[in-house]
Structure formats: structure tokens, C-alpha cells
Amino acid sequence: MSKKIQVEVQSDHLDKVSKSSPLTAVTELVWNALDADANTVEVIVDSGDMGISAIHVKDDGHGVDYDKASAYFKGLGGSWKNDKGQSPNGRFLHGREGQGRFKSFSVGRVVEWTTRYQSHDSQYFEYQIKGFSDDKKSFSLSDKKTSEVAKSGTRVSILEPIKEFTSLTDGRLIEHLTSTFATYLAAYKEVKLYVNGKRVDPSSVINNSETVELSKVLYEGRVYDYELEIIEWNTTAKNQIQLCNHAGFPLLPLDKKIKGSAEFSFTAYLKSEHISELNRVGALGLGDLERSLRAPIDDAVNRIKDYLVRRKITRSSNQIEKWKSENVYPYSGEVIGHVERAEKQMFDFLALNINDLMPEFDKSALQLKKFQLSLLKQIVASQPSDLHTILTEVLSLSEEKQKEFAELLKDASLSAIISATKMVADRLRFLSGLEEIIFNPNLKKVLKERSQLHKLLEENTWVFGEQFSLSVSDKSLTKVLSKHLESKGIAILPDEPVKRLDESNGIVDLMLTRSIARNHPTEREHLIVELKAPKVKIGQAELGQIKSYAFAVSDDERFTALDTKWHFWIISNEIDAYTKRELADDKQERGILYNADGVTIWVKTWSELINECKHRHEFIRKQLDINVDSSDGLEYLRKHYSAYTQGLDEFDEKSIAV
């Protein structure tokens, strides 16, 4: 005699939970089997001339105790798995909410569970539970009986399919289950999964794989590690990103398309305990709408794109070898350094895609092809953002093909890598050149303070801090304060000039400004820099000058009421004994001469400033293996700032290296 199990959830919610694709429904049943510690799981599809008649998922797990069946089936979230992280045999648990069983109703009208279990007195019993899609709130529970088979396990049968499902073929099922359970089957070697007698063996269809660490994520006061594993298949499996726990077991697929991936078949497993936590609190289904998940997803997508670019290059090595044999390939010898390797990868990616988009390209004359490839290399190395030049003016791509190529470039984050590393390399060369002209005994004798040093730094304000941008340069204090009023939204000019204490007009070299992230958007912080030629020591006269600037600002009643911080820097190679005594009260030895009423006066040496800049860039320099010497720095200054380096190029390298 059967009993009724009433599900304690509203019907509309059950309808929502039940919606699923047939592949997902079968996957959920396989997960349920594995959560029951099954070592063998079989997916069996009964089909004949009339199509599919039933789908079965059979396992040798521990079954469901009869006394607990009603509690398990009557509600969502009431699963035995809910408050445990592991199965009885210590395996990772996938499901915790008891929702997976309802997804079977999206495939068939009738679902039957036949289960055998071993009781506490070592006897085996079996019973059946049956449900119908048109009454999901009610299940029938049969009486239990002694089993003739002394072995536990469960068989779930989906009967009366609601339509013919073309996705439930052996091939599609095997491909889907392979990508979904690859990491699980790799972790638990004893588990075997079959589809109509054919074993699901992910290791036999892996074409390539790669694992990378991603940036950590801070969530609710805890830092979580992230890892991405990309498995490339030699099948036609659907490309997918799986959100996984830290062990790599999928919790939820991510609905995210990767452009330019059509020729590959891969699954990317994004792994973190953070994902498990989001799943626990019910936020995982939001995907990248969940703020804490946005950054790791973006990071993963970029890593996948880079992987696909490199794989495309590897696959196309025959074409590159052909160009080498024709002597038109612009790279020769070993490529050294991260920047150069990134440039070469970007070049290969672009050249191969141009070759695909323009079949006539490879048929052109060797001399023309060599010129075009050399020009592409030059543009990639100098400025990737100028690639439109070669697309339109050199290769004459049609507008349609330009758009197609632009889509490819969006997926090639190597362009951003090259641009970023070029910026770092250029900055290090600038610092090297600046260091040379300031400290080289021959060069600092002829270096002019305003026409050379001032102008070089005016175009490189990042030296003083990334947060500042240039407001004015080489202007009087009146102009400085007018610029300040303008930044505060006060469009007036001071009616009287701002004077120093001695009533003279001071000329400041650089004024740099940044907005302060406080309560009011108009709050500002200004950095006033007074540059001294390297041969000038900072002494009593120089300190008096910078103090007069600072006090002129702090004493002018028109500006003291405005909420602003002012930093005044004076910079040169050396400080004299007088200045050292003046700085004696600075116990932290930070170079602070004065600090009161929103005004701070700093005494900086060029060596301190340059070392601070180098320190900011040191980590990236090491990661990218960038090495710059003094001759590189001087050559960079001469090439990019020729108007400001006249007279500095009359010394040869021998004299410069003194």
C-alpha cells in the first residue's frame, strides 16, 4: 500500500525549479548518484523506431533509507546533504538543496525512483517513489520489502518523454558528461561513468590543458584564492565556463560567450571556495551581477582569450614556417624577455588572422609580403593602437573585414599587455636618462634648469605621483591661486596679485592637482614643485624661497577658508649643512620642513625622488624582465625630447659613463 508525500513548496516555485534542458536534467541525476557514493553510474537511453521511450540513471550508491524518504522528498532544502560538506565516504557533495530531482520533469511526465539500501541490522530493503509532472507537489511512496539482491543502489527512470530530444544521443551525452565530470573523475579514480555501455573517459579526449592562478578576492572580510583550469578537448563539446568549488567540481555553468573561440572545444573551470560560499548563500546564480564575482570572471575570460590566441599560433605553425622559408618572416633568432615575447605573439596572431581574412595576401609577391609583415611588426612593437593604419592604408581591407578584424582584436588582450609594458619600459628609460643628466658630472654642468629640466618633467608628471595631473607650470602665485579657484568652481580672478612676504611675485615651476576622495567633490590637494638645477645645493636662500611661496598661500585671507591641502616641494641633488639643521626636528626623516594649517613643505633630493619612482615600477620590471642602462636612458631622452636635450648630446658614451 502506497503513501503520499506532499511537497511543502508552492507549485509555481516547483515549476520554476523544474525548468531544465535534458542534458542538465540527466547531469543532476548523475550528481545525485555520485553524492550517494556510487562507484559505477550508468546512463541508459531506451529508444526504438518510435524514438526515445525512457531514460534511466542507475548507480551502486548507498540508496535512501526508507525512514528518511518522506523528509527528503517533501521539501526543497531538506536534503540530507544540506548541512554536510562531504558524503558518508568523504567525497565532495554537489547538491544541497534537493532541487535536482525535480528537473527530470522537464524531460518526462513520469519519474520513478527504485532504491535499495542496507539497514542497521545489515538487511537489504527496497521500495519505489513515483512522481508526475502535472502534480509535482505529490509523490507516492510504496511499502518497503526485503530485497532479493544484497547490494545497495538506486535506479531513476524518466518515462513518457514529453518530446523527442535530439540532444540525448550517445555522442552528445558523452561530450556533455565528459566536460562536466572531468575534474571529479580525475579526483576519484574509482568512479566509472557509462552512457549506454560506453565509458566516459575525459583523459582520452583531452587535447591540451593549462592551469593558472588568478588574483585573490576579498569577500565579507576573508581573502579567497582563485584558480583557472582550461581543458581543451579533441571533440565538439560545447565551450563553457564552469563555476567550481576549490577542488574544481562544477557547481553552476556560467552563461558567458567567448568571441573568437568557435574553432576550439574547451571547458574552463573557475575554482574557488568563494564560489562555494556564494552558492551556499544563494548568490552564485547571479553570475557577474554579483559584484564580488565580477573581477574573477573578467580575469578568467581574459586568460581564456590569451590561451586561445597562443593555441591558434601553435596550430598555425606551418604557415609561420612557410613564411620563414620564404624569408619574409620579420623575426629571426631567439626572442628574449616578456615584452618581446608578447609582441611576437601579438604579431603572429594578427598576421595569421590577416592571412585567413585575405586569401590573396599569401599569394602576393614576396617583396611586397615581406614589406607588409615588417610594417606590421613595427606597428605592433611601437604602438598597437595604430593597427588601423596597416588595415586600411597598407592592406586595404574592406570596411566589413575591418570590423571582423576589430572583433578579433577585442579578444586579444596581448595588445593591452604590449601597451602597458611599453609604458613601463619607457618610464624606466626616462628615469635612467634623468638620473644620468642629473648625476653625471659632465652633463649636470650644462643642464639648464628651466629650458631643459623643467620641460622634461612638465611632460612626465607621473614622476611626482600617479594621482596628480598638471594644472599650471612656470606661473606666478597669482596664476596658481586663480587655477585653484577655478578647480573649486569659483570663476573669479584675485583682484590683487598674490605677493610673497617680501612683496615680490614668485614664479613656481609646476603645480599638480588631484581631487580628494572625501565627502565633498570640490576638495582638492595641490602639489607645488620648485625644481633646482642639479648643481645647486638646497641652502638657506632656497629654503627661504619655498617658505615664502607657502606662507603667501597660507596667509592670504582670500584662500584660507577653502578646504585644500598644499604640498610644496623643493628638489635638487644635495642639501647643505644649514638645511640639515633645519630638518633636525623631522624625527621620521621624511624631509618635512614645515607642517601646519594645511600646508606642508618638503625638501627632496633627486636621488630620493628617482628611487621612489623606481620602487613603484620594480615589481612589474622584474615580472617583465626589463633591463635598462644609462645609455638606453640617454638615447631615449634624445629621441623623444630632442627639443629639450640640446647641448647634452655633445658627450660621447665614454664620457657619459664616467
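I began with strand β6 (residues 135-141), which is mostly covered, since five of its seven residues are buried. By buried I mean under 20% relative accessible area, with exposed meaning over 50% and partly exposed lying in between (1.4 Å probe, protein chains only). Helices (H or I, at least four residues) and strands (E, at least two) are DSSP runs, numbered from the N terminus.

I note here that this is a predicted model, in which local features need pLDDT of at least 70 and side-chain atom pairs count only at pLDDT 80 or more, while totals for chains, interfaces and linings use all residues. Residues are numbered from 1 along each chain as its sequence is written, and side-chain values use heavy atoms, with hydrogens and water left out.

**Neighbours of β6**

I then looked up the pairing of β6, counting two strands as paired if DSSP finds at least two bridges between them. Strand β1 (residues 3-6) pairs with β6 in the antiparallel sense over four bridges, and Lys3 stands opposite Leu141 in β6. Strand β5 also runs antiparallel to β6, joined to it by four bridges, and there the bridge partner of Ile129 is Leu141. The link from β5 to β6 is a hairpin through two residues.

For Phe139 I listed contacts, meaning heavy atoms within 4.5 Å. Leaving out residues up to four places away in sequence, Phe139 touches Lys3, Lys4, Ile5, Val7, Phe73, Phe102, Phe105, Trp113, Ile129, Lys130 and Gly131.

**Strand β3**

Strand β3 (residues 51-59) is mostly covered too, with seven of its nine residues buried. Eight bridges join β3 to strand β2 (residues 40-48), and the two run antiparallel; among these pairings, Val45 has Ile55 in β3 as its bridge partner. The hairpin formed by β2 and β3 has two residues between the strands. I also found β3 antiparallel to strand β8 (residues 153-161), with six bridges between them, and Val57 has Val156 in β8 as its bridge partner.

**Helix α2**

**Cores**

Which residues touch the most other members of the largest nonpolar core? A nonpolar core is a set of buried Ala, Val, Leu, Ile, Met, Phe, Trp, Tyr and Cys residues joined through side-chain atoms within 4.5 Å. The largest core holds 78 residues, and Val30, Phe139, Leu168, Leu228, Leu270 and Ile304 touch the most other members. The largest share of this core, eight residues, comes from α2. A second, separate core of 29 residues includes Leu434, Trp569, Ile571 and Ile592.

**Loops**

I looked next at residues with a positive phi. Ser122, which is not a glycine, has a positive phi of about 70 degrees; Ser122 is found in the loop between β4 (108-118) and β5 (124-132), and is partly exposed, with a relative accessible area of 48%. Asn196 has a positive phi near 50 degrees and sits in the loop between β9 and β10 (198-199), where it is partly exposed at 29% relative accessible area.

**Chain totals**

Finally, I recorded that the chain comes to 20 helices and 21 strands, and that 50% of its 658 residues count as buried. The accessible surface of the chain, from the Shrake-Rupley method with a 1.4 Å probe and, for residues, only the protein chains shown counted as cover, comes to about 32,700 Å², of which 47% belongs to carbon and sulfur atoms. I found zero disulfides in the structure, a disulfide being a pair of cysteine sulfur atoms within 2.5 Å.
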